Amino acid sequence: MTVILRRVNRVLLALAGLLLVVVGGAVLAAALDLAVPSWWPWSGPSDVLLSEADRQRWRDEAWWWPAVIAVLGLLVLLALWWLLAQFRRARLAEVLVDSGDGEGAAVRGRALEDVLEADAAAQDGVARARVSLTGRRTAPRTRVFLLLEPQASPGATLTSLATDALAHARTSTGLPALPTEARLRAVKHRARRVS
């Protein structure tokens with residue numbers, strides 16, 4: 001969901017910015033009494049945005065007001081969806097676990113993240129680990145950020161992460177799969193002096 005939200009945010013901001021630049025440029029050009037093309041909406045400082053004839057042209061049509069209300073209502077709903085999506089938590093609050101009795105149980109997402117962080121940080125060559133759970137309660141996904149020591153092997157670290165920490169989390173929660181995105185970064189360190 002966050003990828004979709006980022007894309008929607010970028011598109012909306014780009015469209016709003018483009019609209020503001022075009023309208024601002026048109027108003028500025030008309031206000032400065034610059035030579036503008038014939039199709040330009042304003043040709044001088046005394047022009048108005050909509051003339052009285054333009055404002056009253058569609059008023060007597062039966063379809064006009066329902067169309068205006070529908071478009072404005074759709075814009076309000078889209079704006080509300082966008083606003084609510086900004087405040088939606090990206091982290092998963094809880095994970096549903098099948099307890100075998102038909103009821104199920106809920107494991108706090110933060111507790112599972114803490115255990116995964118501890119398991120990942122305990123690996124050889126890992127300086128620090130950060131884990132966040134995303135996705136749905138029944139199908140969680142993990143994002144793991146590992147800060148590696150200079151001597152650590154990235155391939156061995158990923159193998160250890162998959163076979164130890166993630167496998168332990170999968171078996172303890174009873175999940176059939178736990179898709180994971182891992183990001184690795186090396187600790188910044190000074191070069192050793194060789195004599």
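Arg-110, Glu-113 and Asp-114 are joined in a network of salt bridges, a salt bridge being a side-chain nitrogen of Lys or Arg within 4 Å of a carboxyl oxygen of Asp or Glu. The structure is a predicted model, in which local features need pLDDT of at least 70 and side-chain atom pairs count only at pLDDT 80 or more, while totals for chains, interfaces and linings use all residues. Residues are numbered from 1 along each chain as its sequence is written, and side-chain values use heavy atoms, with hydrogens and water left out.

Helices (H or I, at least four residues) and strands (E, at least two) are DSSP runs, numbered from the N terminus. The side chains of Asp-114 and Arg-110 also meet in a salt bridge, at 3.1 Å, N to O. Asp-114 and Arg-110 both belong to helix H4 and lie 4 residues apart, about one turn of the helix.

Buried means under 20% relative accessible area, exposed over 50%, and partly exposed in between (1.4 Å probe, protein chains only). Glu-113 has a relative accessible area of 1%, so Glu-113 is buried. Arg-110 is partly exposed because its relative accessible area is 33%. Asp-114, with a relative accessible area of 36%, is partly exposed.

The count by this rule comes to 3 salt bridges. One of them is formed by Glu-181 and Arg-183, whose closest N and O atoms are 2.8 Å apart. Glu-181 is partly exposed, with a relative accessible area of 33%, whereas Arg-183 counts as exposed, at 54% relative accessibility.

A patch of positive charge on the surface is made up of Arg-6, Arg-7, Arg-10, Arg-141 and Arg-143. Helix H1 (2-31) and strand E4 (140-148) are the elements that give two or more residues to the positive patch. The most comes from H1, with 3 residues. Patches consist of residues with over 30% relative accessible area and no salt bridge; like charges are joined within 9 Å, and nonpolar side chains (Val, Leu, Ile, Met, Phe, Trp, Tyr) within 5 Å. Lys and Arg count as positive and Asp and Glu as negative, while His and the chain ends are not counted. The place of a charge is taken as NZ of Lys, CZ of Arg, CG of Asp or CD of Glu. Accessible areas come from the Shrake-Rupley method with a 1.4 Å probe, and for residues only the protein chains shown count as cover. Arg-6 is located in helix H1 and counts as partly exposed, at 45% relative accessibility.

Ser-132 is located in strand E3 (residues 126-135). Its relative accessibility is 16%, so Ser-132 counts as buried. With neighbours within four places in sequence left aside, Ser-132 is in contact (heavy atoms within 4.5 Å) with Arg-91, Glu-113, Arg-141, Thr-142 and Arg-143.

Leu-83 is part of helix H3 (residues 64-87). At 42% relative accessibility, Leu-83 counts as partly exposed. Leu-83 and Pro-66 are 17 residues apart along the chain, and their C-alpha atoms are separated by 25 Å.
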